[in-house]
Amino acid sequence: MFDVGKCRLNEILEKRKMSQVELAYKLGMKKQQINAYAKNETIMSYRTAKNISFQLNVQMEELYDFILSSEEQ
């Protein structure tokens, strides 16, 4: 099984030369919510992850690091 690790949103935004504010605007979301995802304060819903990945042209799985849980190692 996998656990959700670090959010990679800031890395992806930097590569795309896009700000959190721009992404929030494109998604019709508050910039504070995008920032909460980027800081790992909140984990995205499946729907939000799909919409963000679509806007950034990445796979949903690229938005987070996934960690193999210790019981499976």
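The model is predicted, with local features needing pLDDT of at least 70 and side-chain atom pairs pLDDT 80 or more, while totals for chains, interfaces and linings use all residues. Residues are numbered from 1 along each chain as its sequence is written, and side-chain values use heavy atoms, without hydrogens and water.

| Helix pair | Axes come within | Crossing angle |
|---|---|---|
| H2 (residues 20-27) and H3 (residues 31-38) | 8 Å | roughly 120° |
| H2 and H4 | 11 Å | roughly 115° |

Axes are lines fitted to C-alpha atoms over the stretch in contact, with angles from 0 to 180 degrees between N-to-C directions; helices are DSSP runs (H or I, at least four residues), as are strands (E, at least two).

H2 passes H3 in a right-handed crossing (the near helix turned clockwise from the far one by less than a right angle). In this contact (heavy atoms within 4.5 Å), H2 contributes Gln 20, Val 21, Leu 23, Ala 24 and Leu 27, and H3 contributes Lys 31, Ile 34, Asn 35 and Ala 38.

H2 and H4 are therefore roughly perpendicular to each other. Their contact joins Leu 23, Lys 26 and Leu 27 of H2 with Asn 51, Ile 52, Gln 55 and Leu 56 of H4.

Helix H4 (46-56) and strand S2 (64-68) each supply at least two residues of the lining of the largest pocket.

Notes: Angles under 35 degrees count as roughly parallel, over 145 as roughly antiparallel, 65 to 115 as roughly perpendicular and the rest as oblique.
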